[in-house]
Amino acid sequence: MSEQPTRAGFVAVIGAPNAGKSTLVNALVGQKVAIVSAKAQTTRARLMGIAIEQRAQILLVDTPGIFEPKRRLDRAMVAAAWTGAQDADLVLLVIDAAAGVKADVERLITSLGTRQQPLFLVLNKVDLVKKLVLLGLAAQLTERLKPDRVFMISAAQGDGVTDLKHALADAMPEGPWLYPEDEVSDATDRMIAAELTREQIVNQLHQELPYATAVETETWEDRPDGATVINQQILVERDSQKAIVIGKGGRRLKDIGAKARAEISQHLGRPVHLYLHVKVNPKWDEDRGLYREIGLEWAD
Ligand SMILES: Nc1nc2c(ncn2[C@@H]2O[C@H](COP(=O)(O)OP(=O)(O)OP(=O)(O)O)[C@@H](O)[C@H]2O)c(=O)[nH]1
Ligand SMILES: [Mg+2]
């Protein structure tokens, strides 16, 4: 046993939509706890991934990347993001190096001007960018943000993730661990299961549909034979959206269900029977119970 003290702390992972925040959280944790997609505004819930590095427990608060709240759900997401940042011991700003500094990043830079905590700047997706462009971006952002450390990584390919994890561990305050050693997330299995189904919807359906959809786990039964039976409700706003989710001859829903079942089964380490029901509710956005289910506070 080493003589090193234990450490534990919170890291707020913030950044513009699609920067790769959730991908990075998964890479640091070493397994999938947050859903990922090529479409922007994937993350809704404030979810914590728990990474362990030697004697340090690093609690990574994954946040939604949206900063212009319009509907109630968006306001709740933004509130969650900023609460996450304010309570953290360290802020980790993830920048999509391939996208560069756009309006949403500008806004983040402005808000970070008043921060209290140390800041790590992470330039992500280096696999997509030329060295020279990367160095220019790093110089510009270092000048403006005065971060404590700068990292250039590819969260998707794993480059630079180990170095970042070491640095995060060293930066955590001394103290006892806050979660059991084997826990990888603060989300319940019910919530992760709902997210894994939503990931399929986001990835398989187009245009506005992912944003008009929510998934709720309704019933959950761990059977004595070792299998788990899960019923989930897919909420959409209109009949036309319901038709798209179900697809011709039910094919789309079947495919969403098959892929989600495989992911949930892998997460639980048990066989899963997944039953999906599509329901139209133009006002699901106003359903308080659903907010609890996806881990958000009700934002007025
Ligand atoms: N090429 C490349 N793609 C990446 C990298 N990291 C993430 N991506 C991709 O970028 C997209 C967005 O990743 P997410 O992790 O969902 O991004 P996010 O910041 O959590 O997005 P929101 O939740 O919408 O705010 C996905 O298609 C990822 O596969 C990387 O290092 N290189
Ligand atoms: Mg995300």
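Q: In β8, which residue is the bridge partner of Val215?
A: The model is a predicted one. In it, β7 and strand β8 (residues 228-236) pair in the antiparallel sense over eight bridges. Within β8, the bridge partner of Val215 is Ile234.

Q: Which strands stand at the edges of the open sheet, each with a single partner strand?
A: Three strands make up this open sheet, with mixed pairing and the order β7-β8-β9. Two of them have a single partner strand each, so one side of each is left without a neighbour in the sheet. The strands at the edges are β7 (214-222) and β9 (272-280).

Q: What angle does the direction of helix α6 make with that of β7?
A: Helix α6 (residues 189-204) packs on the sheet and touches β7, β8 and β9. The strands of that sheet twist by an average of 20 degrees from one to the next. The direction of α6 makes an angle with that of β7 of about 135 degrees.

Q: How many charged residues are in the contact of α7 with α8?
A: Helix α7 (residues 239-246) and helix α8 (residues 251-268) pack at an angle of about 65 degrees, with their axes 5 Å apart. Ile244, Val245 and Ile246 in α7 meet Arg251, Arg252, Leu253 and Ile256 in α8. These residues divide into five nonpolar and no polar, and the number of charged ones is two.

Q: Is Lys125 buried or exposed?
A: Lys125 lies in the loop between β5 and α4. Its phi is near 65 degrees, a positive value in a residue other than glycine. The cut-off for buried is under 20% relative accessible area. Since Lys125 has a relative accessible area of 19%, it counts as buried.

Q: What is the phi of Asn18 near?
A: Most residues other than glycine have a negative phi. Asn18 is found in the loop between β1 (7-15) and α1 (21-29), and counts as partly exposed at 30% relative accessibility. The phi of Asn18 is positive, though the residue is not glycine, and is near 75 degrees.

Note on methods
Residues numbered from 1 in each chain as written. Chains lettered and ligands numbered in written order. Predicted model: local features only at pLDDT ≥ 70, side-chain atom pairs only at ≥ 80, totals over all residues. Heavy atoms only, no water. Axes fitted to C-alpha atoms, helices over the stretch in contact; angles between N-to-C directions. Helix = DSSP H or I, 4+ residues; strand = E, 2+ residues; numbered from the N terminus. Contact = heavy atoms within 4.5 Å. Nonpolar A, V, L, I, M, F, W, Y, C, P; charged D, E, K, R; others polar. Pairing = 2+ DSSP bridges. Buried < 20%, exposed > 50% of the residue type's maximum accessible area, 1.4 Å probe, protein only.
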